[in-house]
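These are my notebook entries on one model. I set down what I looked up, entry by entry.

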Amino acid sequence: MTPLPGAQAVIQTILRRTNLLMAGKRVTIAGDVPGLAARLRAMGAHPGAALAEADLVIGDDVDRERLRPGAILATTRPGHGERVREGVLAQGRLFVVDLTC
């Protein structure tokens, strides 16, 4: 299993690959990334959301079936799907951001 990168690297990768604005986003962090919740709060996001209600989920061990349609999953294990743009895949009802490349 590839560990998640540091908090700043995770945020920069998500922002660069998606052009997402964090303000107002409900975020679930599945895993241990020190400082990530604090950095997300500073950007106006709301970490600590329930998995089924999150706009953005960050982590590897996530039950993808529990995510809401249109949610973004940022993970080091992206799997396969239709390429939407560099580092972003569409997998059924989800968008998956690859944090490894």
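**Entry 1. The hairpin.** How many residues lie between S5 and S6 in their hairpin, and which residue in the turn has a positive phi? I find two residues between S5 and S6, and Gly 87 in the turn has a positive phi of about 80°. S5 and S6 run antiparallel and are joined by three bridges. I take helices (H or I, at least four residues) and strands (E, at least two) as DSSP runs, numbered from the N terminus.

**Entry 2. Basis.** I note that the model is predicted: local features need pLDDT of at least 70, side-chain atom pairs count only at pLDDT 80 or more, and totals for chains, interfaces and linings use all residues. Residues are numbered from 1 along each chain as its sequence is written, and side-chain values use heavy atoms, with hydrogens and water left out.

**Entry 3. The chain as a whole.** I count two helices and seven strands in the protein chain. Their order from the N terminus is α-β-α-β-β-β-β-β-β. The C-alpha trace spans about 30 × 25 × 25 Å along its principal axes. The radius of gyration, taken over C-alpha atoms, is compared with a globule rule of 2.2 Å times the number of residues to the power 0.38. For 101 residues a compact globule would have a value near 13 Å, and the chain has 12 Å, which agrees.

I then looked up surface and contacts. The chain exposes about 5,400 Å², of which carbon and sulfur atoms supply 53%; accessible areas come from the Shrake-Rupley method with a 1.4 Å probe, and for residues only the protein chains shown count as cover. Buried residues make up 43% of the 101 residues, where buried means under 20% relative accessible area, exposed over 50%, and partly exposed in between (1.4 Å probe, protein chains only). Of the contacts (heavy atoms within 4.5 Å) between residues at least 6 apart in sequence, 47% join residues at least 24 apart.

**Entry 4. The sheet.** In what order do the seven strands lie? I read an open sheet of mixed pairing, ordered S2-S1-S3-S4-S7-S6-S5. Strand S2 (46-47) and strand S5 (82-85) are the edge strands, each pairing on one side only. Two strands pair if DSSP finds at least two bridges between them.

I followed the pairs in turn.
- S1 (residues 26-30) pairs with S2 in the parallel sense over two bridges, and Val 27 has Pro 47 in S2 as its bridge partner.
- S3 and S4 are parallel, with three bridges; Val 57 is partnered by Leu 73 in S4.
- S4 and S7 run parallel and are joined by four bridges, with Ala 74 opposite Val 97 in S7.

On S4, Ile 72 and Ala 74 point one way, Leu 73 and Thr 75 point the other way, and all are buried.

**Entry 5. Helix H1.** Which strands does helix H1 (residues 7-18) lie across? I find strand S3 (56-59), strand S4 (72-75), S5, strand S6 (88-91) and strand S7 (94-98), with H1 running at about 125° to S7. Axes are lines fitted to C-alpha atoms, for helices over the stretch in contact, and angles run from 0 to 180 degrees between N-to-C directions.

Entry 6. Is Thr 76 buried or exposed? Thr 76, in the loop between S4 and S5, counts as buried because its relative accessibility is 7%. Its side chain makes a polar contact of 2.7 Å with that of Asp 60. A polar contact is a pair of N or O atoms within 3.5 Å; within protein, one must be able to donate a hydrogen and the other to accept it, and residues adjacent in sequence count only if both atoms are side-chain atoms.

Asp 55 lies in the loop between S2 and S3 and is buried, with a relative accessible area of 13%. Not counting residues up to four places away in sequence, Asp 55 touches Gly 24, Lys 25, Arg 26, Arg 68, Ala 71 and Ile 72.

Asn 19 sits in the loop between H1 and S1. Its phi is positive, about 60°, although Asn 19 is not a glycine. Asn 19 is exposed, at 56% relative accessible area.

**Entry 7. Glu 82.** Why does Glu 82 count as exposed? Glu 82 does so because its relative accessibility is 60%. Leaving aside neighbours within four places in sequence, Glu 82 is in contact with Val 88, Leu 89 and Ala 90. The C-alpha atoms of Glu 82 and Gly 92 are 8.9 Å apart, with ten residues separating the two along the chain.
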